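Subject: Handing over the structure, with notes on what was found

Dear colleague,

I am passing the structure on to you below, and my notes follow directly after it. Please read them with the structure open beside you.

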Amino acid sequence: MKESNRTVRWGILGTARIAEKISVAIHQADNAELTCIASRDAAKAADWAEKHHVKRSVASYDALIHDPDIDAVYIPLPPSLHGEWTVRAARAGKHVLCEKPLALNVNQAREMRRVCLENEVQLMDGVMWYHHPRAHEMLKLIRSDALGEHRRITSAFTFNWDTVPEGDLRLQRELGGGSLGDLGWYCIGVALWAFNELPIKVFGTARPYNDVDYNFSGLMWFTKNRIASFDCGFDVNMRKWFELAGTKASLICDDFTRPWENSKPHYDVKDTYGKVTRHETANPLQETCMIDHFSEIIRSGRLEQQWPDLGINTQRVLNALDYSARTETVVNLADFFPK
């Protein structure tokens, strides 16, 4: 579809909790409409459609991806199903916005990209903050000389489960669980986004639970004497910040994954003497920014390859960090070829 004024028609595969936020974003977007919701339970799909103002519901994922009145699909399914349904949707000619982690492993993610390219559809992981005006402003500052030479990115994304939800998919390795994929994905991503390259080597350590990482700490070494470190986990108070420290100043965003207050997104620059300059930005919902951007890609007919590339690079580093933690070794990325 290359009609610049046409409304992009969206379908959602599954009724996961995150799908509720995306449904709101699609309704708010100027260039999109939520046309159909799919669930393997017909009654559940119908109830969800009524509650979230969706035109139609269907009782199978296949029915949705083969619907000629759907242009794009959002996939909020467990990570173990991302590869299968991305490939199926792409072969049916649908553009794919897929929740993170993109896949179970980097080879699966590469296959997802290959099939999407082959069928000339866009693939993007559902990381919303990249598309917000604040991210655009921060990246412009990062690419300038304002911080001096970059030295270190430190980040954290955590929340605390008071009671461990034993049946949660995030505690099941075969479904793609673990804090690294659920939360560390953002911390890896912010380092790749800022440094604009893959690390040379990585090291990870984890506290395991049910064969997943319940808490994870990672180190990534980059060229030009740059280092990134992070921690993520299900057992620490809510934290969602990063700091990029340079030789002149530091860029600090204490809520980069989602603003604490949607009405006041901001970031700070702290100089060598401790003086802090606060920068406030425009405040659209980041979910809506992502849907607007994705829909504009479809309307333009010009695919943006940097998005699947960033997702695949994030997946590659994630898999290397997971392997590092399980083997207690430093992993050179050039030598890492996961199965």
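Leaving aside residues up to four places away in sequence, R226 touches H150, R151, F195, E197, M220 and W221. R226 belongs to strand β10, which covers residues 226–233, and its relative accessible area of 8% falls under the 20% cut-off, so R226 counts as buried. Please keep in mind throughout that this is a predicted model.

As for the whole protein, there are nine helices and 15 strands, and the radius of gyration is 20 Å, close to the 20 Å that the globule rule gives for 339 residues, so the protein is as compact as a globular protein of that length. Taken along the principal axes, the C-alpha atoms fill a box of roughly 55 × 40 × 40 Å. Of the 339 residues, 54% are buried, and among the contacts with a separation of 6 or more, 67% are between residues 24 or more positions apart.

The largest pocket has a volume of about 960 Å³, and its lining consists of 33 residues, with R17, I18, K100, R170 and D182 lying nearest the centre. The elements that contribute two or more residues to this lining are α1 (17–28), α4 (79–91), β7 (150–160), α7 (179–195) and β11 (235–246), and the largest share, four residues, comes from α7. Sorted by class, the lining of the largest pocket holds 16 nonpolar, eight polar and nine charged residues. Both domain 1 (8–127) and domain 2 (129–287 + 317–336) take part in it, each with at least three residues.

The second largest pocket holds about 380 Å³ of space and is lined by 21 residues, of which L104, R173, L318, N319 and D322 lie nearest its centre. Here α7 and α9 (306–327) each supply at least two lining residues, and α9 gives the most, with seven. The lining of the second largest pocket divides into nine nonpolar, seven polar and five charged residues, and at least three residues are drawn from each of domain 1 (8–127) and domain 2 (129–287 + 317–336).

Beyond the pockets, how many cavities of 30 Å³ or more does a search of the whole structure find? The search finds three, and I describe two of them here.

The largest cavity contains about 50 Å³ of space, and the residues that line the largest cavity are R113, C116, L117, V121, Q122, L123, L303, E304, Q305 and P308. Helix α5 (residues 106–118) gives the most to this lining, with three residues, and by class the lining of the largest cavity comprises six nonpolar, two polar and two charged residues.

The second largest cavity has a volume of about 40 Å³, and the residues around the second largest cavity are H132, R258, P259, N262, P284, L285, Q286 and E287. In this case the lining is made up of three nonpolar, three polar and two charged residues.

With best wishes

Notes: Residues are numbered from 1 along each chain as its sequence is written. This is a predicted model: local features need pLDDT of at least 70, side-chain atom pairs count only at pLDDT 80 or more; totals for chains, interfaces and linings use all residues. Side-chain values use heavy atoms; hydrogens and water are left out. On a 1 Å grid over the protein atoms alone, a cavity is a set of points where a 1.4 Å probe fits but cannot get out, and a pocket is an open set with protein on both sides within 12 Å along at least five of seven lines; lining residues have an atom within 4 Å of a point. Grid points are joined across faces, edges and corners, and a volume is the space filled by probe spheres set on the points. Ala, Val, Leu, Ile, Met, Phe, Trp, Tyr, Cys and Pro count as nonpolar, Asp, Glu, Lys and Arg as charged, and the others, Gly among them, as polar. Domain bounds come from an automatic or database domain assignment. The radius of gyration is taken over C-alpha atoms; the globule rule is 2.2 Å times the number of residues to the power 0.38. Buried means under 20% relative accessible area, exposed over 50%, partly exposed in between (1.4 Å probe, protein chains only). Contact means heavy atoms within 4.5 Å.
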